[in-house]
Amino acid sequence: MTTASNSDARAGAGQATPRLDAILNRLGSRIRRGVWLHGVGTVVGCAALWLLFMYGADRILKLPVVIRLMHLAALGLGTAWLISRAYLTHKRRIPDRAGLAMMAQNALPAGEPRDDRFVSALQLQGSVPQDAPAASLVAKVAAAAEDSASRVDFTRILN
């Protein structure tokens, strides 16, 4: 019974604040894309530099096969380490929806209040039944968040 009410709350969560949900989805996808590009760029750049070193060392020094194999193993291990370091650790640090809402709140223009209305709107949606006395307050918070969501500018936080 509780899982059905939780899934109903999650299903209705996006109905009250479609602009805020769109903003958070766009912010999350931009962050994920930036992390992916950083990881791929770092891995490819370092692998290319190591391959250049391997080629130069082999060309100039005429290295034996054992050293070439050691260089190749270092390339494989270094690439695996860089993938875990430059991509996976940063991917784990991507915030959840509440963290994205706080980031979006910080992306509002300077005159806007910093009262965590985005986080409140996310957390309160679906937590109060429609016939409860507090439903009007939840609706006011959601309306204030929707109004502020149109003024979010990501250039300040996605530097």
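Tutor: A residue counts as exposed when its relative accessible area is over 50%, and as buried when that area is under 20%. Keep in mind that this is a predicted model.

Student: Why is Lys140 called exposed?

Tutor: Its relative accessible area is 59%. The cut-off for exposed is over 50%. Lys140 therefore counts as exposed. The residue sits in helix α7.

Student: How far is Lys140 from Arg59?

Tutor: Their C-alpha atoms are separated by 71 Å. Along the chain the two are 81 residues apart.

Student: What makes Gln105 a buried residue?

Tutor: Its relative accessible area is 2%. Buried means under 20%, so Gln105 qualifies. Gln105 belongs to helix α5.

Student: Which residues does Gln105 touch, leaving out those up to four places away in sequence?

Tutor: Gln105 touches Pro113, Arg114, Asp115, Asp116, Arg117 and Phe118.

Student: Which other residues of α5 are buried?

Tutor: Besides Gln105, the buried residues of α5 are Gly99, Leu100, Ala101 and Ala104. The helix spans residues 97-106. Its buried residues are covered by elements including α3 (18-61) and α6 (117-124).

Student: Why are α3 and α5 called roughly perpendicular?

Tutor: Their axes cross at roughly 100°. Angles of 65 to 115 degrees count as roughly perpendicular. The pair therefore falls in that class. The two axes also come within 10 Å.

Student: Which residues meet where α3 and α5 touch?

Tutor: From α3 come Asp21, Ile23, Leu24, Asn25, Leu27, Gly28 and Ile31. From α5 come Arg97, Leu100, Ala101, Met103 and Ala104. By class, that contact has 8 nonpolar, 2 polar and 2 charged residues.

Student: How do you know that Asp21 and Arg97 form a salt bridge?

Tutor: Their side chains meet at 2.9 Å, N to O. The rule asks for a side-chain nitrogen of Lys or Arg within 4 Å of a carboxyl oxygen of Asp or Glu. At 2.9 Å, the pair is therefore a salt bridge. It links distant parts of the chain, with Asp21 in α3 and Arg97 in α5, 76 residues apart.

Student: Are the two partners buried or partly exposed?

Tutor: Asp21 has 12% relative accessibility, so it counts as buried. Arg97 has 35%, so it counts as partly exposed.

Student: What makes Asp58 and Arg68 a salt bridge?

Tutor: The N to O distance is 2.8 Å. The cut-off is 4 Å, so the pair passes. Asp58 lies in α3 and Arg68 in α4 (residues 65-92), so the bridge ties together parts 10 residues apart in sequence. Asp58, at 23%, counts as partly exposed. Arg68, at 41%, also counts as partly exposed.

Student: How do you know that Glu112 and Arg151 form a salt bridge?

Tutor: Their closest N and O atoms are 2.6 Å apart. That meets the 4 Å rule, so the pair counts. Glu112 is in the loop between α5 and α6, and Arg151 is in the segment after α7, 39 residues away. Glu112 is buried at 16% relative accessibility. Arg151 is partly exposed at 32%.

Student: Which residues are in the network of salt bridges?

Tutor: The network links Glu112, Asp147 and Arg151. By the rule used here, the count comes to 6 salt bridges.

Student: What makes a group of residues a nonpolar core?

Tutor: The members are buried nonpolar residues joined through side-chain atoms within 4.5 Å. Here the largest such core has 20 residues. Those with the most contacts inside it are Leu20, Leu24, Phe118 and Val152. The elements giving two or more residues are α3, α5, α6 and α7 (135-149). α3 gives the most, with 6 residues.

Student: Which residues does Val152 contact, leaving aside neighbours within four places in sequence?

Tutor: Val152 is in contact with Ile23, Ala104, Ala107, Leu108 and Phe118.

Student: Which residues of α6 are buried?

Tutor: They are Arg117, Phe118, Val119, Ala121 and Leu122. The buried residues of α6 pack against α3, α5 and α7.

Student: What follows α6?

Tutor: Gly126 follows α6, and its phi is positive, near 80°.

How values were computed. Residues numbered from 1 in each chain as written. Predicted model: local features only at pLDDT ≥ 70, side-chain atom pairs only at ≥ 80, totals over all residues. Heavy atoms only, no water. Buried < 20%, exposed > 50% of the residue type's maximum accessible area, 1.4 Å probe, protein only. Helix = DSSP H or I, 4+ residues; strand = E, 2+ residues; numbered from the N terminus. Contact = heavy atoms within 4.5 Å. Axes fitted to C-alpha atoms, helices over the stretch in contact; angles between N-to-C directions. Parallel < 35°, antiparallel > 145°, perpendicular 65-115°, else oblique. Nonpolar A, V, L, I, M, F, W, Y, C, P; charged D, E, K, R; others polar.
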